[in-house]
Amino acid sequence: MTMNDGGRCVSADIAAGLPPAAALFHSLADETRLRIVQRLARGEARVVDLTGELGLAQSTVSKHVACLRDCDLVDYRAEGRQSFYFLTRPELMDLLASAEQLLAATGHAVALRPAHGSPAGGLADGDDIELLGKAVS
């Protein structure tokens with residue numbers, strides 16, 4: 001998905017005539033945004049935290065976070081000069097759980113939510129799964 005200069009992807013998609021549901025799924029169709037969602041499902045993080053953990057440039061992370069904010073999946077709280085980003089919609093974990101089940105049923109098991117024992121739930125420890133196409137166990 002191409003984001004416009006402001007990083008606003010859902011609004012731009014809707015303005016271009018894409019139905020809201022398609023715009024939402026379009027915004028989640030990017031591996032970087034899914035990785036950000038996965039990380040934020042474990043708890044809030046600053047952009048600098050995300051860049052270090054995901055191994056991405058600050059500008060890349062900022063644009064993708066802006067896209068997720070545009071569809072109201074992510075927001076932030078300010079603490080001094082720092083911004084801490086967090087997921088705003090618990091329903092997103094339900095959507096990701098459904099996607100995990102659907103993919104597992106088609107023979108393509110993936111983990112889209114945090115592993116068992118983390119705040120947002122997830123697959124049980126020891127499950128043999130893939131994380132966005134990368135094998136883990």
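Colleague: Where is Tyr-85 found in this predicted model?

Modeller: Tyr-85 sits in strand β2.

Colleague: What makes Tyr-85 count as buried or exposed?

Modeller: The relative accessibility of Tyr-85 is 12%. Buried means under 20%, so Tyr-85 counts as buried.

Colleague: Which residues touch Tyr-85, leaving aside neighbours within four places in sequence?

Modeller: Tyr-85 is in contact with Leu-40, Glu-44, Ala-45, Val-47, Val-65, Arg-69, Val-74, Asp-75 and Tyr-76. There is also a C-alpha distance to quote: Tyr-85 and Gly-43 are 42 residues apart along the chain, and their C-alpha atoms are separated by 8.6 Å.

Colleague: Leu-40 is among those contacts. What does Leu-40 touch, not counting residues up to four places away in sequence?

Modeller: Leu-40 touches Ala-45, Leu-50, Val-74, Tyr-85, Phe-86 and Leu-87. Leu-40 is also one of the residues that touch the most other members of the largest nonpolar core, along with Ile-36, Leu-50, Leu-87 and Leu-92. That core has 27 residues.

Colleague: Which elements each supply at least two residues of this core?

Modeller: They are α3 (31-41), α4 (47-54), α5 (58-70), β2 (82-87) and α6 (91-105). The largest share comes from α3, with five residues.

Colleague: Why is α3 called roughly perpendicular to α4?

Modeller: The two helices pack at an angle of about 115°, with their axes 11 Å apart. Angles of 65 to 115 degrees count as roughly perpendicular, so α3 is placed in that class relative to α4. Their crossing is right-handed.

Colleague: Which residues make that contact?

Modeller: From α3 they are Arg-35, Ile-36, Arg-39 and Leu-40, and from α4 they are Leu-50, Glu-53 and Leu-54. By class, the contact of α3 with α4 has four nonpolar, three charged and no polar residues.

Colleague: How do you know that α3 and α5 are roughly perpendicular to each other?

Modeller: Their angle is about 75°, and their axes are 10 Å apart. The class runs from 65 to 115 degrees, and α3 and α5 are therefore roughly perpendicular. Thr-32, Arg-33, Ile-36 and Val-37 of α3 meet Val-61, His-64, Val-65, Cys-67 and Leu-68 of α5. This contact of α3 with α5 has six nonpolar, two polar and one charged residues.

Colleague: Arg-33 of α3 is in that list. What makes Arg-33 count as buried or exposed?

Modeller: Arg-33 has a relative accessibility of 0%. The cut-off for buried is under 20%, so Arg-33 counts as buried. Arg-33 and Leu-68 lie 35 residues apart along the chain, with their C-alpha atoms separated by 7.3 Å.

Colleague: How do α4 and α5 pack, and what is the hand of their crossing?

Modeller: The angle between α4 and α5 is about 115°, and their axes are 9 Å apart. The crossing of α4 and α5 is right-handed. Val-47, Leu-50 and Thr-51 of α4 contact Gln-58, Val-61, Ser-62 and Val-65 of α5. By class, that contact of α4 with α5 has four nonpolar, three polar and no charged residues.

Colleague: What makes Asp-72 count as buried or exposed?

Modeller: Asp-72 has 53% relative accessibility. Exposed means over 50%, so Asp-72 counts as exposed. Asp-72 is in the loop between α5 and β1 (74-79). Phi of Asp-72 is near 60°, a positive value in a residue other than glycine.

Colleague: How many helices and strands does the protein chain have, and what pattern do they follow?

Modeller: The protein chain has six helices and four strands. Along the sequence the pattern is α-α-α-α-α-β-β-α-β-β. Of its 137 residues, 35% count as buried. Among contacts with a separation of 6 or more, 41% are between residues 24 or more positions apart.

Conventions: Residues are numbered from 1 along each chain as its sequence is written. This is a predicted model: local features need pLDDT of at least 70, side-chain atom pairs count only at pLDDT 80 or more; totals for chains, interfaces and linings use all residues. Side-chain values use heavy atoms; hydrogens and water are left out. A nonpolar core is a set of buried Ala, Val, Leu, Ile, Met, Phe, Trp, Tyr and Cys residues joined through side-chain atoms within 4.5 Å. Buried means under 20% relative accessible area, exposed over 50%, partly exposed in between (1.4 Å probe, protein chains only). Contact means heavy atoms within 4.5 Å. Axes are lines fitted to C-alpha atoms, for helices over the stretch in contact, and angles run from 0 to 180 degrees between N-to-C directions. Angles under 35 degrees count as roughly parallel, over 145 as roughly antiparallel, 65 to 115 as roughly perpendicular and the rest as oblique. A crossing is left-handed if the near helix is turned anticlockwise from the far one by less than a right angle, and right-handed if clockwise. Ala, Val, Leu, Ile, Met, Phe, Trp, Tyr, Cys and Pro count as nonpolar, Asp, Glu, Lys and Arg as charged, and the others, Gly among them, as polar.
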